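Hi everyone, thanks for making time this morning. I'd like to walk you through a structure that may be new to you, so please have a look at it first.

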Amino acid sequence: MLEGKKVIILGDRDGVPGPAIDECIKSADAEVVFTTTECFV
Amino acid sequence: MDLENQQRVKDLTEKHGKENLVVILGGAEAEASGLACETVTNGDPTFAGPLAGVQLGLACYHILEPKIKDEVDPEVYDEQVSMMEMVLDVDEIIDEVSTYREKYSQFS
């Protein structure tokens, strides 16, 4: 379902940060169009 | 979800089209993750940001959900996510995010 999709990543400083998700998504053949790491609290 | 990121999501949706986008969350808590999912599907529930009243209906998942995990290279997942997978309340997070997705997402 991710293949060929454009992905927006909303990571969390206290959870899974943006760059970590970014690595995962790239390995699934999807295109990351925005990555951020929020502080949700 | 901070206001600047709400604007980014709105702009990217206009640029790429709702049906082509997937939002992946990394939130540490179920409530905050659910709130982020609600924001990109049904609009900002606090009515404070650019997505207030804007129902984008985007596909939205947490990185811990099996549907996403199964598509990621297992080695990469192990390296980048498995540590947090052990300490976060995975079931609660998935339950919260999927509740909003099932209710408001127009895409999967």
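I'll start with the sheet, go on to the helices around it, and end with the contact between the chains.

One thing to keep in mind: this is a predicted model.

So, what is the order of the strands in the open sheet? Reading across, it goes 2(A)-1(A)-1(B)-2(B), which gives 4 strands with parallel pairing. At the edges you'll find strand 2 of chain A and strand 2 of chain B, residues 59–62, each pairing on one side only. From one strand to the next, the twist averages 20°.

Let's take the pairs one by one. In chain A, strand 1 and strand 2 run parallel and share 7 bridges. As an example, L10(A) has T36(A) as its bridge partner in strand 2 of chain A. To get from strand 1 to strand 2, chain A passes through helix 1, residues 18–27, and this β-α-β crossover is right-handed.

Now we step over to the other chain. Strand 1 of chain A, residues 6–12, pairs with strand 1 of chain B over 5 bridges, again in the parallel sense. Look for K6(A), which sits opposite L21(B). Further along, strand 1 and strand 2 of chain B are parallel too, joined by 4 bridges, and there I24(B) faces Y61(B).

Next, the helices on the sheet. Helix 1 of chain B touches strand 1 and strand 2 of chain A as well as strand 1 of chain B, and its direction makes about 170° with that of strand 2 of chain A. Helix 6 of chain B packs on the sheet as well, touching strand 1 and strand 2 of chain B, with about 175° between its direction and that of strand 2 of chain B.

Helix 6 of chain B also meets helix 2 of chain B: their axes come within 8 Å and cross at roughly 15°. Because of that angle, the two helices of chain B count as roughly parallel. Their crossing is right-handed. Among the residues in this contact are G34(B) and C37(B) from helix 2 of chain B, and V97(B) and Y100(B) from helix 6 of chain B. By class, the contact has 6 nonpolar, 5 polar and 5 charged residues.

Finally, how many residues of chain B are in contact with chain A? There are 30, and they meet 27 residues of chain A. Helix 1, strand 1, helix 2 and helix 4 of chain B each give two or more residues to that side. It holds 18 nonpolar, 6 polar and 6 charged residues.

How values were computed
Residues numbered from 1 in each chain as written. Chains lettered and ligands numbered in written order. Predicted model: local features only at pLDDT ≥ 70, side-chain atom pairs only at ≥ 80, totals over all residues. Axes fitted to C-alpha atoms, helices over the stretch in contact; angles between N-to-C directions. Parallel < 35°, antiparallel > 145°, perpendicular 65-115°, else oblique. Left-handed = near helix turned anticlockwise from the far one by under 90°. Contact = placed C-beta atoms within 7 Å. Nonpolar A, V, L, I, M, F, W, Y, C, P; charged D, E, K, R; others polar. Pairing = 2+ DSSP bridges. Right-handed = clockwise from strand over helix to strand, strands pointing away.
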